[in-house]
Amino acid sequence: MLDIQKIRNDFPIFYQKVNGKPLVYFDNAATSQKPTQVIEAEANYYKEINANIHRGVHTLSQLATDAYEASRLKIQQHINAKFSHEVLFISGTTHGINLVANGFASFLKLDDEVMVSALEHHSNIVPWQMLCEKTGAKLVVIPMNENGELIQSEYERLLSDKTKIVTVNHISNALGTINPIKWMIEKAHKVGAAVLIDGAQATPHLKPDVQDLDCDFYVFSGHKICGPTGTGILYGKEDWLNKLPPYQGGGEMIATVSFEKTTYAELPHKFEAGTPNIAGGIVLGTAIDYLNEIGFDNIAAYENELLEYGTNRLLEIEGLKIYGTSNQKTSVISFNIDGIHPYDVGTIIDKLGIAVRTGHHCAQPIMDFYKIPGTLRASFAFYNTKEEIDALVQAVKKAKMMLL
Ligand SMILES: *Cc1c(COP(=O)(O)O)cnc(C)c1O
């Protein structure tokens with residue numbers, strides 16, 4: 001099993017105190033912490049091989065290009081994409097969803113339907129609303145139940161030949177629900193709809209297999225999987241990426257340019273205009289190596305243990321309610337205490353060195369569903385411990401005593 005103390009030593013951020021207390025970091029669903037291996041790889045890139053890629057014949061440019069393309073291959077393998085040119089470097093999940101939504105404008109017409117779910121992050125809602133405004137297509141929402149699960153019979157009922165794309169998260173950031181995406185993809189394909197999976201919350205916990213899932217697009221952020229901010233991956237099936245128009249124009253994405261006509265580069269470069277986050281792209285590969293070395297099976301097993309322990313311990317607190325109670329969920333606990341605003345609890349426990357998220361978690365429709373202003377959200381990673389959960393429980397009890 002995992003040697004958590006050894007793992008924690010990889011994370012310099014835990015060497016310090018916050019507000020005079022050892023840092024208990026339970027905001028992993030917002031961003032993960034970074035191990036020394038990743039931090040040093042980023043510094044080493046700038047110390048040793050910094051140069052622009054795909055352009056120069058000089059040695060450093062080739063080294064940088066090779067490292068960048070090697071990272072792409074590593075990520076292709078990690079998600080089991082069929083071709084490396086189906087793996088696009090992007091700046092994060094938000095960028096990837098906007099890229100696809102923007103491209104779909106050329107495929108949609110009046111009265112076509114775009115289907116999102118009630119469990120989505122704002123970045124998987126707003127780009128599609130913008131698309132619908134532009135094209136006259138209709139936004140259709142798969143509803144959820146009290147447990148924070150999508151209602152499967154409603155999904156089946158809403159699908160039709162009008163549905164052109166279904167876009168749904170693999171795992172909900174606000175509640176932790178794991179959606180039955182493989183089944184959903186199969187159903188969507190039966191009516192001829194494409195499917196985009198927002199994997200931002202799934203990739204920290206599991207290794208997605210895009211060929212097995214048979215999704216058309218899969219998108220995730222580097223910063224949630226121990227990688228740098230401003231990095232991410234959009235996987236797209238070759239056919240779709242060939243059909244989709246480019247998102248941004250500029251250098252790198254062209255084959256030939258004249259004032260009369262420009263032709264676009266082959267995949268993946270067609271979607272990678274301009275100088276990318278070269279260091280970030282390379283180091284994202286380092287982060288994935290780091291996680292694979294620990295092993296996703298080990299990570300998932302340990303995080304499930306933390307989830308179960310955290311759930312039981314928090315429920316000891318009278319008046320505490322957990323939102324998101326599906327039996328298919330990951331290590332995210334969203335909760336409130338009767339009669340107390342989540343913000344007040346969050347502020348007090350921060351003074352005790354405990355970092356949780358408070359608010360709507362970029363998922364206001366979910367909060368509206370439960371008729372609450374927001375929740376406290378504790379999200380656990382493989383470097384967290386049961387002792388830290390005990391500290392959280394104690395801090396929440398203290399905050400409750402002060403506020404009630
Ligand atoms: C974090 C997150 C996003 C947005 O990711 P960015 O890195 O901010 O672009 C989208 N969807 C889900 C489910 C998320 O957790």
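Asp 111 touches Gly 136, Ala 137 and Lys 162, if we do not count residues up to four places away in sequence. Contact here means heavy atoms within 4.5 Å. Before I go on, this is a predicted model, where local features need pLDDT of at least 70, side-chain atom pairs count only at pLDDT 80 or more, and totals for chains, interfaces and linings use all residues. Residues are numbered from 1 along each chain as its sequence is written, and side-chain values use heavy atoms, with hydrogens and water left out.

Back to Asp 111. Its place is the loop between helix 4 (93-104) and strand 5 (113-117). Helices (H or I, at least four residues) and strands (E, at least two) are DSSP runs, numbered from the N terminus. Asp 111 and Glu 86 are 25 residues apart in sequence, and their C-alpha atoms are 30 Å apart in space.

Now the partner, Lys 162. This lysine lies in the loop between helix 6 (152-158) and strand 7 (163-169). Leaving aside neighbours within four places in sequence, Lys 162 is in contact with Asp 111, Asp 112 and Glu 113. Is Lys 162 buried, partly exposed or exposed? Its relative accessibility is 40%, so Lys 162 counts as partly exposed. The cut-offs are under 20% relative accessible area for buried, over 50% for exposed, and partly exposed in between, with a 1.4 Å probe and protein chains only. From Lys 162 to Val 57 is 105 residues in sequence and 50 Å in space, C-alpha to C-alpha.

Lys 224 is buried, yet it has no salt bridge. A salt bridge is a side-chain nitrogen of Lys or Arg within 4 Å of a carboxyl oxygen of Asp or Glu. Which side chain of opposite charge is nearest to Lys 224? That is Asp 198, 6.9 Å away. For charge, Lys and Arg count as positive and Asp and Glu as negative, while His and the chain ends are not counted. Beyond four places in sequence, the contacts of Lys 224 include Ala 29, Thr 31, Gln 201 and Pro 204.

Next, two prolines. Pro 246 is in the loop between helix 9 (238-243) and strand 11 (254-257), and at 18% relative accessibility it counts as buried. Pro 246 and Glu 272 are 26 residues apart in sequence but 8.8 Å apart in space, C-alpha to C-alpha. Not counting residues up to four places away, Pro 246 touches Met 253, Tyr 264, Lys 270 and Phe 271. Pro 268 is in the loop between strand 12 (262-264) and helix 10, and the peptide bond from Leu 267 to Pro 268 is cis, with omega near 0°.

Then backbone angles. Asn 80, in the loop between helix 3 and strand 4 (87-90), has phi near 55°, a positive value in a residue other than glycine. Cys 362 also has a positive phi, near 55°, and is found in the loop between strand 16 (357-359) and helix 13 (364-370).

Last, the helix pair. The axes of helix 3 (residues 59-79) and helix 10 (residues 278-294) come within 8 Å and cross at roughly 40°. That makes helix 3 oblique to helix 10. Axes are lines fitted to C-alpha atoms, for helices over the stretch in contact, with angles from 0 to 180 degrees between N-to-C directions. Angles under 35 degrees count as roughly parallel, over 145 as roughly antiparallel, 65 to 115 as roughly perpendicular, and the rest as oblique. Among the residues making the contact are Ala 64 and Tyr 68 of helix 3, and Gly 281 and Ile 288 of helix 10.
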